Amino acid sequence: KNEVEQSPQNLTAQEGEFITINCSYSVGISALHWLQQHPGGGIVSLFMLSSGKKKHGRLIATINIQEKHSSLHITASHPRDSAVYICAVRSTSGSRLTFGEGTQLTVNP
Amino acid sequence: ETGVTQSPTHLIKTRGQQVTLRCSSQSGHNTVSWYQQALGQGPQFIFQYYREEENGRGNFPPRFSGLQFPNYSSELNVNALELDDSALYLCASSAGQTGGNTIYFGEGSWLTVV
């Protein structure tokens with residue numbers, strides 16, 4: 001079992017829909033990152049969380065430390081949101097980031 | 001624009017050859033990490049450098065090595081290339097070692113080994 005599990009692996013939505021991507025992890029963490037990767041390969045950091053909730057525009061990220069679970073929500077989705085969304089955690093015992101396998105999101109017009 | 005640049009963006013090497021990939025970080029970013037991302041998978045941690053010393057390593061053989069320089073640039077070297085080394089190599093930098101810092105990724109270097 002991977003230390004970081006994401007669901008779903010693939011998600012197709014219609015423009016305007018509310019989207020949720022989930023991330024569960026099995027280790028103690030100092031921070032959790034939500035990242036966006038476009039087909040060209042570059043990765044952009046969307047959020048860094050250690051507790052609670054953060055909001056940026058149409059994106060909302062939440063984390064429940066006790067349940068070792070985080071969610072990324074996209075409101076009023078748009079085709080330009082189509083990308084791979086990756087959850088990554090930095091454990092309390094080390095310096096590395098451990099990544100989930102990613103969720104491929106496709107938003108159709 | 002993340003302020004992290006990688007070069008080259010794409011390259012093709014032959015099995016057995018050696019490759020050097022380069023990363024230039026933002027000024028003040030004294031921590032740099034390298035990741036390997038195979039097609040369709042999440043990135044895998046190779047190693048991390050902090051103030052020019054390696055301070056963490058993933059499950060990669062010694063033929064993967066690195067350097068970090070005082071000018072916030074770094075290198076990933078891979079010797080004796082194998083076909084399975086074909087992947088996207090990502091560099092990420094941050095200010096400080098702790099988990100509480102934003103991480104900035106480069107666009108990556110696509111390596112194909114034939």
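Guide: Before we start, a word on classes: Ala, Val, Leu, Ile, Met, Phe, Trp, Tyr, Cys and Pro count as nonpolar, Asp, Glu, Lys and Arg as charged, and the others, Gly among them, as polar. This is a predicted model, where local features need pLDDT of at least 70 and side-chain atom pairs pLDDT 80 or more, while totals for chains, interfaces and linings use all residues. Residues are numbered from 1 along each chain as written, chains are lettered from A and ligands numbered from 1 in written order, and side-chain values use heavy atoms, without hydrogens or water.

Visitor: Which residues line the largest cavity?

Guide: Chain A gives Arg90(A), and chain B gives Thr31(B), Ser33(B), Tyr35(B), Ala92(B), Ser93(B), Ser94(B) and Ile103(B); lining residues have an atom within 4 Å of a point. β4 (31-37) and β9 (87-94) of chain B each give two or more of them; strands are DSSP E runs of at least two residues, numbered from the N terminus.

Visitor: And by class, what is that lining?

Guide: The lining has 3 nonpolar, 4 polar and 1 charged residues.

Visitor: Switching to the interface: how many residues of chain A and chain B are in contact?

Guide: 20 residues of chain A contact 25 residues of chain B, with heavy atoms within 4.5 Å. The area buried between the chains is about 1,700 Å², and carbon and sulfur atoms give 54% of that. That is accessible area (1.4 Å probe) lost on putting the two parts together, summed over both.

Visitor: Which strands of chain A touch chain B?

Guide: β4 (29-37), β5 (43-49), β9 (83-91) and β10 (97-99) of chain A each supply at least two residues. β4(A) has the largest share, with 5 residues. That side of chain A has 8 nonpolar, 9 polar and 3 charged residues.

Visitor: What about Ser7(B) and Pro8(B)?

Guide: A cis bond joins that pair too, with omega about -10 degrees. Pro8(B) sits in the loop between β1 (5-7) and β2 (10-13) of chain B.

Visitor: And what is the phi of Lys68(A)?

Guide: Lys68(A) has a positive phi of about 55 degrees, although it is not a glycine. Lys68(A) lies in the loop between β7 (59-64) and β8 (69-74) of chain A.

Note on methods. Helix = DSSP H or I, 4+ residues; strand = E, 2+ residues; numbered from the N terminus. 1 Å grid on protein atoms, 1.4 Å probe; cavity = no way out; pocket = protein on both sides within 12 Å on 5 of 7 lines; lining within 4 Å.
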